[in-house]
Amino acid sequence: MPPDYAVPALDKALDILETLADRPHALSQLEIAQAVDRSPSQIFRVLTTLERRGYLHRDPQSGAYSLSLRLFDLSHRQEPLRSLTDAALGPMRELANATGQSCNLSVLESGGVRVVAQVESPGDFGYRVRVGALFPLETTATGAVLAAFDASRAAPQEAAEGEPDAPGRAIRDDGFLERPDPLQPSITDVVFPVLNRERAALAALTVPYVATSFSAVPAARVRELASTAAARITEALGL
């Protein structure tokens, strides 16, 4: 049960940060106040403090506020995530160079799939995702792999009607997932888990394979190289 006391100033600050995180563009002080159901005077000092501490950027011309990269920087200082990305970037760069395709690394977060690292295709053409982007767990190939190898689902699950978790079990049996991206018709997602000793996924390595005339390396070879890269990340983590 959460404590029954509150820190009003902290509540205001968190409300402001969450509001700006949900908006695609900067907001004025009045717009922020309306969004958090406060008066402009009630949030003025909080905005000033957040700007001074580097969490907000204030446009000198319009006066509108937007999030800085301060929170992103803080999240990547966390030791487990920093160790994971440090271990992954070398193998990911080699994978991108060998395949001519971009690749990304994702983890489970807040019931979704958070992209924590990205390496671009070395060629003139490729597909990329934004580091920090959060995608649905249920509708992405990366989410399907992370769910299949999640520690709480490592063994086949039984549904209410007694049927086994066939998709998850198939992914675990195969050790990876390759399927067309439902939102991008020209892309096939090739996803391998980065596993610990208990064969639970710490992350998922995804190659959004672009099948065009620019794709010099066939999908089968991309799959082999992605498997090797995922294993190398695990090795670099000392697992």
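How far apart are the end C-alpha atoms of helix α3?

**View 1. Helix α3 (residues 40-52) and its span.** This is a predicted model, where local features need pLDDT of at least 70, side-chain atom pairs count only at pLDDT 80 or more, and totals for chains, interfaces and linings use all residues. Residues are numbered from 1 along each chain as its sequence is written, and side-chain values use heavy atoms, without hydrogens and water. The end C-alpha atoms of α3 are 18 Å apart. Helices are DSSP runs of H or I with at least four residues, strands are E runs of at least two, and both are numbered from the N terminus.

**View 2. The buried residues of α3.** Ile-43, Val-46, Leu-47 and Leu-50 are buried. Buried means under 20% relative accessible area, exposed over 50%, and partly exposed in between (1.4 Å probe, protein chains only). The buried residues of α3 pack against α1, α2 (29-35), β1 (56-58) and β2 (65-67); contact means heavy atoms within 4.5 Å. Just after α3, Gly-54 has a positive phi of about 90°.

View 3. Seven bridges pair β3 with β4 (residues 112-119) in the antiparallel sense; pairing takes at least two DSSP bridges. Cys-103 stands opposite Val-119 in β4. Two residues lie between β3 and β4 in their hairpin. Ser-110, in the turn, has a positive phi of about 55°. Strand β8 (residues 201-210) runs antiparallel to β3, joined by three bridges. Thr-206 in β8 is the bridge partner of Asn-104.

Note on methods: The expected span of a helix is 1.5 Å times one less than its number of residues.
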